[in-house]
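User: I would like to go through this model with you, starting with the overall architecture and then turning to details. Could you bring it up?
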Amino acid sequence: LVHLAHATGAAPGPNLAVARTLARFTPAVVLQRLVLAPLQREEMSRYDAAVGFVDISGFTKLSMRLHAQQGQRGAESLNQVVNKYISDIMNRIQESGGDTIKFA
């Protein structure tokens, strides 16, 4: 978070500890604003946003079946496919100026 302040040439403000606490749940643009200066009580900003949830139904069962049939290679193959798919999605989000807040 300190690098966000330094990137703009400003020193981190008093909200650095708060920003660190919120970092897992807060977009980078909001964290940057929080780090640079204290928030005012009436302060409000609007941002265009979208929220997406992705779930791979049956992933654990499929992973176990592939592991049973092909050993470690089967599970690794599935992980490679899933990682490629997720990487493509995340790259498109970043290319569009988006931010991935949480990934589980």
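User: How many helices and strands are there in the protein chain?
Analyst: This is a predicted model, and its protein chain has five helices and zero strands. Along the sequence the pattern reads α-α-α-α-α.

User: What share of the residues counts as buried?
Analyst: Of the 104 residues in the protein chain, 15% are counted as buried. The accessible surface amounts to about 8500 Å², and carbon and sulfur atoms account for 56% of that surface.

User: And the contacts between residues at least 6 apart in sequence: what percentage joins residues at least 24 apart?
Analyst: For the protein chain, that share is 34%.

User: Let us change topic to pockets. How much space lies in the largest pocket?
Analyst: The largest pocket holds about 1100 Å³ of space. Its lining consists of 29 residues, and those nearest the centre are Gly52, Ile93, Thr100, Ile101 and Lys102.

User: Which helix gives the most to that lining?
Analyst: Helix 5 does, with seven residues. Helix 3, residues 28-36, also supplies at least two residues of the lining.

User: What is the make-up of the lining by class?
Analyst: The lining of the largest pocket comprises 20 nonpolar residues, five polar residues and four charged residues.

User: Now salt bridges. How many does a search of the whole structure find?
Analyst: The search finds one salt bridge. Lysine 84 pairs with aspartate 88, and their closest N and O atoms are 2.9 Å apart.

User: Where do those two residues sit relative to each other?
Analyst: Both belong to helix 5, which spans residues 72-95. Because lysine 84 and aspartate 88 are four residues apart in that helix, about one helical turn separates them.

User: What about the accessibility of aspartate 88?
Analyst: Aspartate 88 has a relative accessibility of 33% and therefore counts as partly exposed, since that class lies between the 20% limit for buried and the 50% limit for exposed.

User: How far is methionine 64 from glycine 74?
Analyst: Their C-alpha atoms are separated by 8.8 Å, and the two residues are 10 residues apart along the chain.

Definitions and conventions
Residues numbered from 1 in each chain as written. Predicted model: local features only at pLDDT ≥ 70, side-chain atom pairs only at ≥ 80, totals over all residues. Heavy atoms only, no water. Salt bridge = Lys/Arg side-chain N within 4 Å of Asp/Glu carboxyl O. Buried < 20%, exposed > 50% of the residue type's maximum accessible area, 1.4 Å probe, protein only. Contact = heavy atoms within 4.5 Å. Areas by Shrake-Rupley, 256 points an atom, 1.4 Å probe, with all protein chains shown as cover. 1 Å grid on protein atoms, 1.4 Å probe; cavity = no way out; pocket = protein on both sides within 12 Å on 5 of 7 lines; lining within 4 Å. Points joined across faces, edges and corners; volume = space filled by probe spheres on them. Nonpolar A, V, L, I, M, F, W, Y, C, P; charged D, E, K, R; others polar.
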